[in-house]
Amino acid sequence: MHESIECAESGLYTRPAYRLTREDSDHPVLLVCEHASRFIPVALNDLGLDETASQEHIAWDIGALLLAERLSETLGATLLSANYSRLLIDLNRPLHVPDSIPAQSEIYQVPGNHDLDDATREYRQQCLFHPFHDRLRTLIDQRLAANRPVRVVGIHSFTPVFYGQPRALEAGVLFGEAKAYAQRIVDGLCRHSLRAAGNQPYKINPLTDMTVPVHGDGRGLDSVLIEVRNDQLRSPEAVRTWSAYLAPLL
Ligand SMILES: [Zn+2]
């Protein structure tokens, strides 16, 4: 399909858009990790970011994939994770919002996204965005068709310092419609004396979020987006600990 678009990035996206782990799992939870990767094709020169910025949280959610993989293993649940950086196109944003392809992220300019032509935007959508969301939709379709329960759980991490301000929160459970499910997870984390809260440090906005409102709430499914502060996910032991907190609650 996308071979038909001619643009400056034609032929660059040679690896698959996503990785699917434990596709045939019977577990009701579908784990989704949209910001799993910081990979940007070499020819794009890190979109003009310096090395510090391209390794930073703006390019990916540090530790989120490790946590999602560990949860997938512990629960035996299916995991869909992205293989490209969110800076190319953000898989958790609808296509029409300005930061779908961000020209700026937090304090960093993203020069390679400035003045992108329509063909290049469409090419990224076709190579990176649509395959991911089509696959997620199909996974849900198949399970619902088999009368199986489905819960859609996004795994993310957030930076301990945002616009210069330190954050005390250790984990957030973001939700739209699935208030009871989210509260159960928050309560479970608080029982471990963790600083956890609902709809912090961000809120789900149906106009600017993608996975929870579209694949979860939009289909009447329990769905949350879990945010863990990324300084909590810096070692294999720490990731195992967070997986052990979360797994029984999902
Ligand atoms: Zn994220």
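Visitor: Which element gives the largest share of the lining of the largest pocket?
Guide: First, this is a predicted model, in which local features need pLDDT of at least 70, side-chain atom pairs count only at pLDDT 80 or more, and totals for chains, interfaces and linings use all residues. Residues are numbered from 1 along each chain as its sequence is written, and side-chain values use heavy atoms, with hydrogens and water left out. A pocket is an open set of points on a 1 Å grid over the protein atoms alone, with protein on both sides within 12 Å along at least five of seven lines, and lining residues have an atom within 4 Å of a point. Going by DSSP runs numbered from the N terminus (helices: H or I, at least four residues; strands: E, at least two), the largest share, three residues, comes from β6.

Visitor: Which residues are the closest to the centre of the largest pocket?
Guide: That pocket has a volume of about 640 Å³ (the space filled by probe spheres set on grid points, which are joined across faces, edges and corners). It is lined by 30 residues, and the closest to its centre are Arg86, Asp90, Arg93, Asp99 and Tyr202.

Visitor: How many charged residues does the lining of the largest pocket have?
Guide: Here Asp, Glu, Lys and Arg count as charged; Ala, Val, Leu, Ile, Met, Phe, Trp, Tyr, Cys and Pro as nonpolar; and the others, Gly among them, as polar. The lining has 11 nonpolar and 10 polar residues, and its charged ones come to nine.

Visitor: What spacing do the donors of the zinc ion follow along the chain?
Guide: Donors are N, O and S atoms within 2.8 Å of the metal (3.2 Å for Na, K and Ca), and water is not among the atoms, so sites may look incomplete. The zinc ion is held by ND1 of His35, OD of Asp61 and ND1 of His156, at 2.0 to 2.1 Å. Their spacing reads H-x25-D-x94-H.

Visitor: How many residues apart are aspartate 61 and histidine 156?
Guide: Aspartate 61 sits in the loop between α1 (51–55) and α2 (64–75), while histidine 156 belongs to strand β6 (residues 151–158). Aspartate 61 and histidine 156 are both buried (under 20% relative accessible area; exposed is over 50%, partly exposed in between, with a 1.4 Å probe and protein chains only).

Visitor: Is asparagine 199 buried or exposed?
Guide: Asparagine 199 lies in the loop between β10 and α5, and its phi is positive, about 50 degrees, although it is not a glycine. With 15% relative accessibility, asparagine 199 counts as buried.

Visitor: What about aspartate 115: buried or exposed?
Guide: Aspartate 115 also has a positive phi, near 55 degrees, and is placed in the loop between β5 (108–109) and α3 (118–145). Its relative accessible area is 80%, so aspartate 115 is exposed.

Key
1 Å grid on protein atoms, 1.4 Å probe; cavity = no way out; pocket = protein on both sides within 12 Å on 5 of 7 lines; lining within 4 Å.
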